[in-house]
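Okay, everyone, thanks for coming along. Let me put the structure up on the screen, and then I'll walk you through a few parts of it.

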Amino acid sequence: MTNSDFYGSELSSALAEPVSVSWQSPSNIAFVKYWGKTGRQLPVNPSLSMTLSKAYTESKLTALPRENKGEVELDFWFEGIQNAAFGERMTKFLQSVTDIFPWLGQVNLKLETHNTFPHSAGIASSASAFSALALCLCSLDTELNGIMLDETEFRNKASYVARLGSGSACRSVFPGIAVWGKTKALAGSSDLLAVPVSEIHPVFAALRDSILIVNKKEKAVSSSEGHNRMIGHPFAEARVKQAGKNTAELLEAIKNGDKKNFIRIVENEALTLHALMMTSDEGFMLMHPETVRIISRIQEARKETGLDICFTLDAGPNVHLLFFEDQIEQVNKLIVEDLLKNNEQNVRIDDFYGTGPLKIG
Ligand code: DP6
């Protein structure tokens with residue numbers, strides 16, 4: 001796979017009437033974390049994630065006739081309201097992919113999106129938002145330019161484009177478990193796009209993720225800024241090595257249904273991510289006291305009860321509690337009676353292993 005496989009052409013004649021496409025695309029939770037990037041949005045280490053099911057973005061992209069070609073023009077609507085801040089990021093992204101979609105300046109664009117998860121729940125929305133937009137762009141390319149791709153080529157192109165919007169978004173294009181970043185442990189893996197993992201033991205298709213909301217506020221340091229702080233980080237080299245090893249071992253565990261090693265690696269990755277934040281040149285901390293209390297309780301409860309539970313963290317304070325379907329009753333009880341008992345927010349979002357994006361129009 002090379003960059004040039006994905007580059008298209010201008011429209012041969014002006015658009016006569018509006019054309020719309022719609023996709024819903026889920027968020028994902030990383031088990032091996034992408035942290036640090038280089039070049040045109042290339043990861044410094046491989047990452048591995050599970051695509052979620054219920055937390056998704058629904059996007060409708062419309063191309064409208066336009067008199068003269070020029071700069072990308074986007075009319076952006078988020079949850080029924082014109083949103084300037086988010087619209088600006090989307091416009092910048094679209095401007096950056098005119099080499100892939102040269103027709104973007106020949107039409108007027110309208111993008112209408114909404115999320116199924118609460119806007120202010122502290123859940124990363126860039127993965128679902130940019131994967132939905134990338135899928136819409138690829139579908140419009142087919143509609144407007146007659147670009148015919150088979151299912152695999154289409155998903156690959158969408159993953160490539162999604163990556164340019166937000167790195168983690170390239171993994172959301174695929175169902176189940178996906179890897180982004182070149183690693184010897186997985187044939188066909190690439191820095192340019194994610195690839196789906198095919199060898200998954202059935203126990204992992206029953207994975208669940210309950211997101212325990214500790215704080216809903218926007219975080220003090222964005223992911224993009226966090227990635228920047230990996231440049232020249234004193235532990236950068238060791239981190240890249242560790243992520244490679246964790247990816248290889250996690251792929252083995254996922255193939256063999258090895259829950260014990262899964263738990264060990266996933267927690268190691270979550271704590272490493274936050275340790276890297278704290279030990280960067282301008283150190284910062286996104287965990288809250290409540291985050292630490294909950295993750296300590298999860299580790300204790302695992303020892304006390306023998307439940308196959310573990311945690312992971314995004315670049316934020318909320319705790320993702322991972323467990324398996326067959327223990328859902330015991331884990332629910334643990335969440336209600338223990339983990340969230342004295343938590344002021346007392347909000348959770350229950351999600352699970354997902355089947356990937358869906359074209360809805
Ligand atoms: C901690 O994909 O949000 O969630 O590429 O700058 O948009 P940008 O960053 P983003 O970073 C995600 C970081 C992470 C780990 C992960 O999802 O792999």
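Let's begin at Glu79, which sits in the loop between β5 (73–78) and β6 (81–82). Those labels come from DSSP runs numbered from the N terminus: helices are H or I with at least four residues, and strands are E with at least two. Before I go on, this is a predicted model, so local features need pLDDT of at least 70 and side-chain atom pairs count only at pLDDT 80 or more, while totals for chains, interfaces and linings use all residues. Residues are numbered from 1 along each chain as its sequence is written, and side-chain values use heavy atoms, with hydrogens and water left out.

Back to Glu79. It has a positive phi of about 50°, although it is not a glycine. Is Glu79 buried or exposed, or something in between? It counts as partly exposed, at 36% relative accessibility. For the cut-offs, buried means under 20% relative accessible area, exposed means over 50%, and partly exposed is in between, with a 1.4 Å probe and protein chains only.

Now compare Gln41. Its phi is near 60°, again a positive value in a residue other than glycine. Gln41 is in the loop between β2 (37–38) and β3 (42–43). This one is buried, with a relative accessible area of 11%.

Glu79 also turns up in the surroundings of Thr113. Thr113 is part of strand β7, residues 108–115, and it is buried, at a relative accessible area of 6%. Which residues does Thr113 touch, not counting those up to four places away in sequence? They are Thr57, Glu58, Ser59, Phe76, Trp77, Phe78 and Glu79. Touching, or contact, means heavy atoms within 4.5 Å.

Seen down the axis of α8, the buried residues fall within an arc of 155°, so they line one face of the helix. That arc is taken from the directions from the helix axis to the C-beta atoms.

Who is on that buried list? Glu290, Thr291, Ile294, Ile295, Arg297, Ile298 and Ala301 of α8. On the other side of α8, Pro289, Lys303 and Glu304 are exposed. The buried residues of α8 pack against β10 (207–213), α7 (259–278), β11 (310–313), β12 (319–324) and α9 (328–339).

Take Thr291 from that list. Its relative accessible area is 0%, so it is buried. Leaving aside neighbours within four places in sequence, Thr291 is in contact with Val214, Leu313, Pro317 and Val319. And just after α8 comes Gly306, which takes a positive phi of about 75°.

How do α8 and α9 pack? At an angle of about 130°, with their axes 12 Å apart. Axes here are lines fitted to C-alpha atoms, for helices over the stretch in contact, and angles run from 0 to 180 degrees between N-to-C directions. The two helices are therefore oblique to each other. The cut-offs are under 35 degrees for roughly parallel, over 145 for roughly antiparallel, 65 to 115 for roughly perpendicular, and oblique for the rest. α8 passes α9 in a right-handed crossing. Left-handed means the near helix is turned anticlockwise from the far one by less than a right angle, and right-handed means clockwise.

Another pair is α6, residues 236–256, with α7: their axes come within 9 Å and cross at roughly 155°. So α6 and α7 are roughly antiparallel to each other, and the crossing of α6 past α7 is left-handed. Among the α6 residues that meet α7 are Arg239, Gln242 and Leu250.

α6 also holds Lys241, which is exposed, with a relative accessible area of 69%. Lys241 and Pro46 are 195 residues apart along the chain, and their C-alpha atoms are separated by 9.8 Å.

Last pair: α2 (residues 126–145) and α3 (residues 151–165) pack at about 130°, with their axes 8 Å apart. They have a right-handed crossing. That's my tour, so please ask away.
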